[in-house]
Amino acid sequence: MNGNIFSRFLSVAAEQGDKPFLIEEGQAIARFADLDADTARLAARLEALGGKAGERIVVQVEKSPDNVLLYLSALRLGMVYVPLNTAYTASELEYFLSDAEPVIVVCRPDDEATVRGLVGSAAVVTLGEDSSGSLYDDVPDEGAPVAELGPDDLAAILYTSGTTGRSKGAMLTHANLLSNAETLHGLWCWSSEDVLLHILPIYHVHGLFVALHGALLAGATILFHRNFDPAKIIGEFDAATVLMGVPTHYGRLLGSPELTPDACAHMRLFVSGSAPLLAEVHDRFAEQTGQRILERYGMTETGMITSNPYDGDRLAGTVGYALPGEEVRIRVGESDVAPGEPGVLEVRGPNVFAGYWRNPDKTAEEFREGGWFVTGDVATMAEDGRIMLVGRAKDLIISGGLNVYPKEIEEAIDALPGVEESAVIGVPHADMGEGVVAVVVARKGVVLDPQAILAALENQLAKFKRPRHIAVVDALPRNAMGKVQKAELRRVYAVLFAG
Ligand code: MLC
Ligand code: AMP
């Protein structure tokens, strides 16, 4: 059997008759029946550009139906798909391109000149939001077949930052992606009757794999949204059955008077993940709609790890149970902790990635003997296996479902003239969950201007990583060992964005 996940999607598509695959603004943009031919042509185009199985294709384009087809065409050809957040700046992009060494780069038309200046011999083609761009030039008449792959062949590399050093590319195999999709298919009772409201970006695990693969494996139609407009989304609830979002989406939906039990009557499942869903949001959503959000937990390196039950208690503040086929344990050092005690969550199973791209040392650091991956999330497990996330052993901020690693921001700030040192923290933010704050100390005799610091970061860091507040202080609080006390800083700035 072909291990290429795309061959599975195709066999499901073949059973869907004339049904639309993607609908946007009420218009059918793509049909399941055309998936084979559409991807065959685009895969042939990628092949003509030098693409082949195992080679990387880096993609930094706006969300669009063409972007979905591009992803599927890359899978079809057996290429390794490397999606990048559209917010990344040229200086961030430079690193990803040099690390991934793609043979093809697909970028926005406006970025073409910059990208050409950053790549060596890779082919550079463009894709605009409206199907414009050179990707569709010279598409061969004859399509490319579905590549025969083994289960351990790579399907994608997704970059994820770390507490130290540069971003690492998490290598995900076809078997990783398929096993996670199949598990969620059963657990969340997907069927071809489902209609998914797709509101997430398609450069991360949540939107690209959990949502898109869920629909493809079920043969479910997707109502495609490029942006998140709460009123528009609620307006489509009566045509949809499933929504997946980050907590910020649910917080924003709650602000809409249109969100009523009637408006949600056709929906069967609301899923939240990527960041902690406040119990208050969960409860208010249940009061306002009559439906309990199903919270699940996952990671780029592992796909989904736990889920609240589909049938059964969806408890606010918990992320449910280990998914079938996966094992989870909670440890402090080398020992498992007692039920209810906090420790670092480790996971093992077919979903766990194949390691970091060209970085065996980092890979070795993050695994324990026996294939256990150390997530860096601090959790408790109840007697019955229910998991609650209670903190992070890694220094990580999650803003609107996007990860920000303080170290990266601190290094950028510390390199600016006049800066002695800095500490970057996340504090509660009413809309984004956490907001980024930088606390900066000036060199002796220098007067620092927070606006000038922000301006200097503009070309270096994606917007979502930049501090929303910069405080210039005389000194950072330190403990007896000389370590910066971030907990103290988080307390001082706790109410900055409380809203
Ligand atoms: C946008 N901005 C953000 C931001 N998103 N700032 C901080 N954090 C974010 N997440 C910036 C914008 O550039 C803008 O700046 C300003 O903040 C306000 O923008 P907005 O219009 O309110 O934001 P919007 O475009 O609506 O985006 C918010 C959002 C989006 C929550 C819809 O960030 C989003 O789609 N997040 C989901 C990310 C995701 O898919 N995560 C999954 C990772 S996978 P200005 O100056 O222009 O106003 C993972 C594993 C797992 O974690 O378990 O799933
Ligand atoms: P990423 O590296 O972008 O895949 O982000 C993964 C991280 O997001 C996890 O390690 C968790 O810290 C966090 N995360 C994902 N889902 C949840 C959730 N439901 N609740 C709390 N944190 C979550």
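Predicted model: local features only at pLDDT ≥ 70, side-chain atom pairs only at ≥ 80, totals over all residues.
Residues are numbered from 1 along each chain as its sequence is written, chains are lettered from A and ligands numbered from 1 in the order in which they are written, and side-chain values use heavy atoms, with hydrogens and water left out.

Q: Which residues come nearest to ligand 1?
A: A residue is near a molecule if one of its heavy atoms lies within 4 Å of it. There are 21 residues around ligand 1. Those that come nearest are Arg252, Ser274, Arg296, Ser399 and Lys463.

Q: How far is a nitrogen atom of ligand 1 from an N or O atom in the side chain of Ser399?
A: A polar contact is a pair of N or O atoms within 3.5 Å; within protein, one must be able to donate a hydrogen and the other to accept it, and residues adjacent in sequence count only if both atoms are side-chain atoms. Oxygen atoms of ligand 1 lie 2.8 Å from an N or O atom in the side chain of Arg252 and 2.6 Å from a polar side-chain atom of Ser274. For the nitrogen atom and the side chain of Ser399, the distance is 2.6 Å.

Q: How much of the area that ligand 1 exposes when taken alone does the protein bury?
A: Accessible areas come from the Shrake-Rupley method with a 1.4 Å probe; for residues, only the protein chains shown count as cover. Ligand 1 taken alone exposes 1,000 Å². The protein buries 69% of that.

Q: Which element gives the largest share of the shell around ligand 2?
A: Helices (H or I, at least four residues) and strands (E, at least two) are DSSP runs, numbered from the N terminus. Ligand 2 is surrounded by 17 residues, the closest being Arg296, Thr300, Asp377, Lys394 and Asn403. The largest share of its shell is five residues, and they come from S13.

Q: What is the distance from an oxygen atom of ligand 2 to an N or O atom in the side chain of Asp377?
A: On the nitrogen side, an atom of ligand 2 is 2.9 Å from an N or O atom in the side chain of Glu295. An oxygen atom of ligand 2 is also 2.9 Å from an N or O atom in the side chain of Asn403. For Asp377 the value is 2.6 Å.

Q: Which residue in S26 is the bridge partner of Val437?
A: Strands of a sheet pair through backbone hydrogen bonds, either parallel or antiparallel. S25 and S26 pair in the parallel sense. The partner of Val437 in S26 is His469.

Q: Which residue in the turn between S16 and S17 has a positive phi?
A: S16 (residues 327-332) pairs with S18 (residues 343-348) in the antiparallel sense over five bridges. S16 and S17 (residues 335-336) pair in the antiparallel sense over two bridges, with Val332 and Ser335 as bridge partners. Two residues lie between S16 and S17 in this hairpin, and the one with a positive phi, about 60°, is Gly333.

Conventions:
Pairing = 2+ DSSP bridges.
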